[in-house]
Amino acid sequence: MTTKPRAKKYRIRRNGPLGNGRPRAAADGMAGAVAGAAASPMPETVGAMASPAPAPAPAAAATAVAQAAPAAAPEPAPTPRTERPVDQDITEIRREGLTGRQLRMARRVAQKHGLAPTSDFDAVRLLRKQGIDPFQRSNMLELVVSDGPGQPQEAPPQLPQTVRQGGAGLPATPMPASISPAEQVMHIQQDIARRRRRRMVTMLSRLAAFVLLPTLVAGIYYFRIATPMYATKSEFVIQQAESQMSGGLGSMFAGTGLAVQQDSIAVQSYLKSRDAMRRLDADLGFMAHFSQPQIDPVQRLDPDATSEAAYRVFERTVKIGYDPTEGILKMEVIAADPETSAAFSEALISYAEQRVDGLTQRLREDQMSGARASFREAETRVEEAQNRVLELQERLGVLDPVTETTALMSQISSFEVQLREKRLQLDQLMDNARPNQARVDGVRGDIRRLENLVAELRASMTESTTGTDSLARVSAELRIAEADLANRQLLLQQALQQLETARIEANRQVRYLSLGVSPVAPDEPTYPRAFENTILAFLIFGGIYLMISMTASILREQVSS
């Protein structure tokens, strides 16, 4: 049994504006199909217009090839029929909920078939009107066409409109079908360039409004309007004199910066205080000087300005810095003319010197008051000791216990000598065989009287008699009173010496101010520094604009995400 070959009918594809540009003859396609069918059976494929049919006989192959030639002619237009409105069809397509990828694929398929849709939804409508399913896989594969045997060529890139699912699509700009892909890409690049130029113009406008214009205003002020100001610079240091009363570890730091660091900081704070500003205004008219009409409005002080406004000008015009490593105070005073600037600087230095003297005034007064109190107390103690000695002398009747003791001991010694003599005389009388009894009794009476007298004298030195104290007690009390008097007199001498030393220290200057750089009036204006201030204003305005722009971009990105 002979198997008849089956031939496959193929729809002849027209070359659209996005094709490869080489026309293909329908007869060549049909001849190739018949030759392939005669060689081997062709598998069935699914196409948009393909339908299986029985292959013709070999005798009819030539007839089929001859009849395939007119197939390349354009098909006749379909008969007109009543159609629904386009808007209604597009509305129904939108209700289907197609994704952006499906809509872009539909536009590509429509352009492949030579259609000119005005939007993605219109592409779906036109394809369905032509009887083509835009979402069929075979139509998607036809987007890659062959430029030769075995060499697929990708279609030129298109940029269809992206439409969100369920959203209202915006109509795309209609493109004539005769425009080439290169021209379309050129149109897109021109549109991107226009957007970039518009954004660049917007950015430059913002920079000009928020950075360049304020910088220009600042430059005009510094170069044309600002009043020239003169600055007088000076340097001074606070030194400490070596104290005669100092000693120990405190003397190790005498004369160094550590010893006067607190004084230097205190003077710096005072020169920047409101008290110094008021003294300067009362002495040299600080507020009146900066209220002159020739000063520009930015730096000028109102005639009826408050003390706080004047103090703000004072802080801006008087600059004081302290270097703790070297202990040097650096001061810069700014005024509208050089003579006034130098006068202000000299006045502030005199205020600083007075403040340095005042820092140690209380210490010196305290030292003087303490020395005076100690001296007065020592004097009182000495007076009390002297009164006590006098009272003991008057009460005991003894002027000098040493003298009294010496006189009494001399009497006892003389009486004891007489007693020894009487005893020798008695022994002499008793050596006789027949002594004179009267003389013996007289000598014995003298001996007895001398012994009683010596005993009484000795008893008066150690024992209290009626109404009087013993000489030993009297001597002890007087010696204690005299020792206390001697100690009080020594303390009185020390207090007097301390008082004299404190008086010397109080009369001389312990802290003093030494000028390293004297204030000299300048001959050229120091401020304003127009170029530096203009550059600084540009950097400040640019930084502010950059921070605000970055903050706005971050917030916009966070809100839109």
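Two strands are taken to pair if DSSP finds at least two bridges between them, and the strands themselves (E, at least two residues), like the helices (H or I, at least four residues), are DSSP runs numbered from the N terminus. In that sense Tyr 322 stands opposite Leu 329 in strand 5.

The model described here is predicted, so that local features need pLDDT of at least 70 and side-chain atom pairs count only at pLDDT 80 or more, whereas totals for chains, interfaces and linings use all residues. Residues are numbered from 1 along each chain as its sequence is written, and side-chain values use heavy atoms, with hydrogens and water left out.

**The protein as a whole**

The secondary structure comes to 16 helices and six strands. Of the 561 residues in the protein, 29% are buried, where buried means under 20% relative accessible area, exposed means over 50%, and partly exposed lies in between (1.4 Å probe, protein chains only). Among contacts (heavy atoms within 4.5 Å) between residues at least 6 apart in sequence, 75% join residues at least 24 apart.

Strands of a sheet pair through backbone hydrogen bonds, either parallel or antiparallel. Here an open sheet of four strands has the order 4-5-3-6, with antiparallel pairing. Strand 4 and strand 6 (511–517) are the edge strands, each pairing on one side only, and the twist averages 25° from one strand to the next; axes are lines fitted to C-alpha atoms, for helices over the stretch in contact, and angles run from 0 to 180 degrees between N-to-C directions.

Strand 5 (residues 328–335) is largely enclosed by the rest of the structure, because six of its eight residues are buried. Its partners are strand 3 (residues 230–240), joined to it by eight antiparallel bridges, and strand 4 (residues 318–323), which pairs with it in the antiparallel sense over six bridges. Strand 4 and strand 5 also form a hairpin with four residues between them, and Gly 327 in the turn has a positive phi of about 75°.

The following residues stand opposite each other in these pairings.

| Residue | Partner in strand 5 |
|---|---|
| Thr 232 | Val 333 |

Helix 8 (residues 261–271) lies across strand 3, strand 4, strand 5 and strand 6, and runs at about 170° to strand 4. Helix 11 (residues 307–317) also packs on the sheet, where it touches strand 4 and strand 5, and its direction makes about 50° with that of strand 4.
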